[in-house]
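Trainee: Can you walk me through how the helices sit together in this one? I've just got it open.
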Amino acid sequence: MTLRTLWGKLRKRNKGDYRQFQFSTVFAVVLISSFLMLVCSPLIQGALPDGGDSAKQVWLSFGVSAIGCIVFVLYVTKLFLRYKSRETGIFLALGAEKHVLKRSLSAELAGMTAVCSVIGSLIGAALAFITGKIMEVTVADVYNGKFAFTLSGFLLSVLYALILFLFIQFHYKIRTEVKKA
């Protein structure tokens, strides 16, 4: 039995741990990307008064939400890595090399985070579109704005996903460095 085969069997046996990490990552990216794509749309930007505090309040609530989502995902990542440390112990007991396991886990974590970020961004875009169209109809009597995706909304969503990716990788690196000491 190869290391890859054993890894696959352990992964299959512990689907719940993987699903929890994947769900939390997708959920965080959905929340923030849909928020960004909606707020950056002409519908919302045109409705915000010039020079008022409304835009500041919107971006402040975004900052609080983004930080909350990052903390949430890092907590779930910590739980996921706790499970993975047990799995790593099994491989070490079977004679696997530590640096190989570390690289493999880092690549697995990066791959899952990237896929979850893409899925979350797509779902977030769909959610923003649906919400934007509902808002168009709801405020049509008062405001004649139209929902549309903007480059800034898309780029900010990608930036958030990248920041989340880096935080997860950094959390993993710090966690493995602490265990060395």
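Mentor: Axes here are lines fitted to C-alpha atoms, for helices over the stretch in contact, and angles run from 0 to 180 degrees between N-to-C directions. It's a predicted model, where local features need pLDDT of at least 70, side-chain atom pairs count only at pLDDT 80 or more, and totals for chains, interfaces and linings use all residues. Residues are numbered from 1 along each chain as its sequence is written, and side-chain values use heavy atoms, without hydrogens or water.

Trainee: OK, at what angle do the axes of H2 and H5 cross?
Mentor: Roughly 40 degrees, and the axes of H2 and H5 (residues 98–138) come within 6 Å. Helices are DSSP runs (H or I, at least four residues), numbered from the N terminus.

Trainee: So are H2 and H5 parallel or oblique?
Mentor: Oblique, therefore, as under 35 degrees is roughly parallel, over 145 roughly antiparallel, 65 to 115 roughly perpendicular and the rest oblique.

Trainee: What's in the contact of H2 with H5?
Mentor: 16 nonpolar residues, eleven polar and one charged. Nonpolar means Ala, Val, Leu, Ile, Met, Phe, Trp, Tyr, Cys and Pro; charged means Asp, Glu, Lys and Arg; the others, Gly among them, are polar.

Trainee: Switching to H4, how far apart are the axes of H2 and H4?
Mentor: 9 Å, with H2 (residues 15–39) and H4 (residues 54–93) packing at about 165 degrees. H2 and H4 are therefore roughly antiparallel.

Trainee: And which residues make up the contact of H2 with H4?
Mentor: That contact divides into 20 nonpolar, six polar and three charged residues.

Key: Helix = DSSP H or I, 4+ residues; strand = E, 2+ residues; numbered from the N terminus.
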